[in-house]
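Work through the exercises below with the sequence and the model open side by side. Each task is followed by a worked solution.

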Amino acid sequence: MANVQISNVVKRYGAVQVMHGVNVEIEDGEFVVLVGPSGCGKSTLLRMLAGLEPISGGTISIGGRVVNNVIPKDRDIAMVFQSYALYPHKTVFDNMGFPLKMAGRPKEEIETKVRKAAEILDLTKYLDRYPKALSGGQRQRVAMGRAIVRDPQVFLFDEPLSNLDAKLRVTMRLEIKELHQRLKTTIVYVTHDQIEAMTMADKIVVMRDGRVEQIGAPLDLYDQPQNLFVAGFIGSPSMNFLHGRVAVRDGRRLFVSDRGLELPLPASGAADGQGVTLGIRPEHIEIGAGGIPVRVAVLEPTGSETQIFARAEGGDLIDAVVRDRIAARPGDEIGFLIDPARMHLFDRDSGKRL
C-alpha cells in the first residue's frame, strides 16, 4: 500500500494545455474517485499516474517516490481498463497468472496467488474456462484478478463498469467496494457516473476542463458544493437552479427569481439586490398545503418514488422527488414546500457558493 501525491501537474499536447496545475493528495489505503464529464481530464490524469502518458510539468509521487521518469512496470501499480483486455486463447487461470509468468515468478507462486485471487473474486470454478465462456461481469472479475495477483501498491481503475448493463453495474460496484475493504490497497478509480462516485468513494475529486473543482467526502460534496458546477453534477436527479436576486423587505430576506417567484431565504452573505442562483435538491421538496403553488407538467412514477416536474407562476420549472405515490395529474395545481435551511445560494456571476 502507498499514498499518492499529485502536485501541480500540467499536461500539454503541443501548444494546447489540457491539464492546469492539478493537485490531489491520496492517503494510504484510500478509495479515491476521479469524476467529471467527458473530456474533463480524469482519464488523462489516471494515465499519467500509470506512466502511460508523460507529464508536462509538476510531480507525481507513489509511496514517497517521485515517479515522473519511472516506466509503468516499475511503478508498482496495476491497472484495470474499461475493456477487459483478456487473451481469448488463454484460460482464466493463464490470463490471471500472465503478469507473474512474464515477471519470471516460480510456478508454485503463480499457482498460489492465482488461486487466492480466484477465491476472493469467486472465480475458482471458472479457472479452466476461456473468456468466451464467461459473462461480462465474470470477465471483469478476471481482469481484476490479473491485477490482484501482482499485489501492487496502487490499483488504477479506468471506467471498468461502462460496458456492463445497469443491474450488473450495481453488483460490480458492491464487489469492488468489498474487495477494497478486504485488501485495504490504495485505489484510484475513474468514472463519469456520479452515482458510482457517491456509492464507492472515500473521497471524490470533481474535475472539469483539466481543473479540480472540489475534493471531499461524498456527503460533503452533496451537502456543501462549492460552486454551481459541483452542485449540478453531484446528486441525481440534478439540483434545481433558479436565477434571480436577493431582496430585503421589512427585515425579511427574499429570493426573487427573474420570473417573479419569491422564496424566503436563510441568512447568507448575499447583499440586497445581488444577483444570485438559488439551488434546491428535488428530494428536499415536499408536497403540502401552504407551499408554493405550482402546476404539474409531467409525472414520472418509478414505483418506489415519483418525480414531479411542475411550473410555478411565471414559468419557473421545478423538479421534485417524493417517496409517496400521489393522485395528481398533469395540469393539477399542488403546493411545493421548500425548507429555507436546505437551500443553496450561489453568486450568479462567479458561480461560487455564498
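**Exercise 1: the cores**

Task: find which residues have the most contacts inside the largest nonpolar core.

Solution. The largest nonpolar core has 46 residues, and those with the most contacts inside it are Met 96, Met 144, Phe 157, Ile 176, Tyr 189 and Val 206. Helix H4 (residues 136-148) gives the most to this core, with five residues. Apart from it lies another core, of 28 residues, among them Val 9, Leu 49, Val 67 and Leu 156. A nonpolar core is here a set of buried Ala, Val, Leu, Ile, Met, Phe, Trp, Tyr and Cys residues joined through side-chain atoms within 4.5 Å. Buried means under 20% relative accessible area, exposed over 50%, and partly exposed in between (1.4 Å probe, protein chains only). Helices (H or I, at least four residues) and strands (E, at least two) are DSSP runs, numbered from the N terminus.

The model is predicted: local features need pLDDT of at least 70, side-chain atom pairs count only at pLDDT 80 or more, and totals for chains, interfaces and linings use all residues. Residues are numbered from 1 along each chain as its sequence is written, and side-chain values use heavy atoms, with hydrogens and water left out.

**Exercise 2: helix H4**

Task: state how many of the residues of H4 are buried, and what they pack against.

Solution. Start with the length: H4 has 13 residues and reaches 18 Å from its first C-alpha to its last, close to the 18 Å expected at 1.5 Å a residue (1.5 Å times one less than the number of residues). Next, count the burial: 11 of the 13 residues are buried, so H4 is largely enclosed by the rest of the structure. Among them are Gly 137, Arg 141, Met 144 and Ile 148. Then list the partners: the buried residues of H4 pack against strand S6 (77-80), helix H2 (92-102), helix H3 (107-120), strand S7 (154-158) and helix H5 (166-183). Contact means heavy atoms within 4.5 Å. Not counting residues up to four places away in sequence, Met 144 touches Val 80, Leu 121, Phe 157, Met 172, Ile 176 and Leu 179.

**Exercise 3: Ile 176**

Task: decide whether Ile 176 is buried or exposed, and list its contacts.

Solution. Ile 176 lies in helix H5. With a relative accessible area of 0%, Ile 176 is buried. Leaving aside neighbours within four places in sequence, Ile 176 is in contact with Phe 31, Met 144, Phe 157, Pro 160, Leu 161, Tyr 189 and Met 200.

**Exercise 4: the sheets**

Task: give the strand order of the six-stranded sheet and of the five-stranded sheet.

Solution. The open sheet of six strands runs S6-S7-S8-S3-S9-S10, with mixed pairing. Its edge strands are S6 and strand S10 (211-216), each pairing on one side only. Two strands pair if DSSP finds at least two bridges between them. Strand S9 (residues 203-208) and S10 pair in the antiparallel sense over five bridges, and Val 206 has Gln 214 as its bridge partner in S10.

The five strands of the other open sheet follow the order S13-S12-S11-S14-S19, and the pairing is antiparallel. Strand S13 (262-264) and strand S19 (344-347) stand at the edges with a single partner strand each, so one side of each is left without a neighbour in the sheet. Strand S14 (residues 275-280) and S19 pair in the antiparallel sense over four bridges; Leu 278 has Leu 345 as its bridge partner in S19.
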